[in-house]
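Work through the exercises below with the sequence and the 3D structure open. Try each task before reading its solution.

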Amino acid sequence: MKLSAPALMITTLVLAGCASKDNIAASAPATASTADVAPASTGGMLKPSVSSNGMLKPPTAPADTTLAQTGRDPAEFPAYVEALKRQAVAQGIDRQTVDSAFANVHFVDRVIKADRNQLEKKITLDVYLQRVLSPTKIQQGRQLLRQYQPQLARATARYGVPERYIVALWAMESHYGKIQGKEDVVSALSTLAFEGRREAFFSKQLMAALQIIQQGHVPAEQLTGSWAGAMGQCQFMPSSFLSYGADGDGDGRIDIWHNLDDVFASTANYLATEGWKPGIGWGREVTLPSGFGSGHLGLKNGQARSVNQWAAMGIRQADGSALPSATLRSWIITPDDAQGRAFMVYDNFRTIMHWNRSYYFAISVGMMADAVGQ
């Protein structure tokens with residue numbers, strides 16, 4: 001979710017440190033996120049069944065009726081789970097995996113409440129940065145950068161992403177692994193699919209979670225995460241795990257819950273795969289000249305200029321000094337119009353926004369990387 005309004009709509013869960021890589025609603029202002037977006041569903045199934053190709057059939061309710069409007073009786077959940085199990089088998093998940101994954105599946109009412117009742121509050125960029133970039137978190141990041149230098153250096157050598165950015169995302173996503181979520185992912189995703197507003201998205205994530213179990217990365221009973229299904233120290237949604245998860249220590253498994261080699265490698269692999277460019281940083285805060293046109297603001301390809309071109313238009317560094325001479329492609333953004341702060345950002349900023357489509361989040365990652373790298 002790309003946010004450039006006068007104030008950011010941020011959920012209380014994000015302030016607690018959990019974000020998903022697929023940029024579902026639970027992850028604003030950060031998650032986002034990154035690859036898949038949880039779409040708003042236009043309908044849901046009141047009577048789950050499976051078609052000949054193994055997919056859940058379309059709703060039998062009237063087209064203008066959604067589950068969010070009508071509600072669904074939790075008593076229907078067991079039948080829905082049986083439909084999900086048949087869908088999984090039809091998609092190539094073996095019966096043993098299905099049986100183990102769903103052995104303790106249960107309806108999680110608090111997941112529905114969290115998804116429907118996310119408390120929102122308006123927050124400025126300054127307040128957001130004060131909350132997520134505390135001196136304690138920065139100091140801890142510096143300490144961990146030194147402590148895990150060998151593991152971080154291996155990830156950097158393999159993927160070309162500097163250690164400080166890996167640490168910064170680690171900090172933002174799970175507070176260095178402290179906040180990973182304790183929900184049973186299969187139960188949470190099954191419940192959210194059943195709820196129906198974003199059924200296709202969460203069904204997809206559930207099938208991906210089953211693949212993770214089938215591939216032997218984690219036992220079914222240990223597949224835990226946030227209420228929305230984001231997992232591990234880098235808070236990947238299951239589909240992101242399958243796309244970007246990396247075995248950092250060569251043991252044949254990808255463990256983003258406990259194995260820091262895998263956490264660092266997976267984080268770096270995500271950024272590298274999404275287009276990280278070594279050696280150019282993320283951006284800097286700048287000041288704009290009087291009368292700077294709003295049409296120049298944004299991250300579209302056609303809005304890019306070189307640093308020298310921006311300088312010729314009167315843009316200067318935040319302290320008022322001249323910009324360094326450079327031909328680097330860059331963009332100008334104003335994430336919080338009410339405060340008037342402006343930033344010149346580079347290609348790597350756009351890559352960070354693949355992880356989470358929020359100006360606030362991407363700026364915080366860049367600033368955290370700068371701070372821990374000092």
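The model is predicted: local features need pLDDT of at least 70, side-chain atom pairs count only at pLDDT 80 or more, and totals for chains, interfaces and linings use all residues. Residues are numbered from 1 along each chain as its sequence is written, and side-chain values use heavy atoms, leaving out hydrogens and water.

**Exercise 1.** Find how many residues of helix α15 (residues 347-355) are buried.

Solution. Helices (H or I, at least four residues) are DSSP runs, as are strands (E, at least two), numbered from the N terminus. The chain has 16 helices and nine strands. Buried means under 20% relative accessible area (1.4 Å probe, protein chains only). By that cut-off, eight of the nine residues of α15 are buried. They are Asp347, Asn348, Phe349, Arg350, Thr351, Ile352, Met353 and Trp355. Their cover includes α9 (163-174), α13 (260-273), β8 (329-336), β9 (341-345) and α16 (359-372).

**Exercise 2.** Describe how α15 and α16 pack.

Solution. Axes are lines fitted to C-alpha atoms, for helices over the stretch in contact, and angles run from 0 to 180 degrees between N-to-C directions. The angle here is about 120 degrees, and the axes are 9 Å apart. Angles under 35 degrees count as roughly parallel, over 145 as roughly antiparallel, 65 to 115 as roughly perpendicular and the rest as oblique. Therefore α15 and α16 are oblique to each other.

**Exercise 3.** List the residues of α15 and α16 that meet.

Solution. Contact means heavy atoms within 4.5 Å. From α15 come Phe349, Ile352, Met353 and Trp355; from α16 come Tyr359, Phe361, Ala362, Ile363 and Val365.

How values were computed
Buried < 20%, exposed > 50% of the residue type's maximum accessible area, 1.4 Å probe, protein only.
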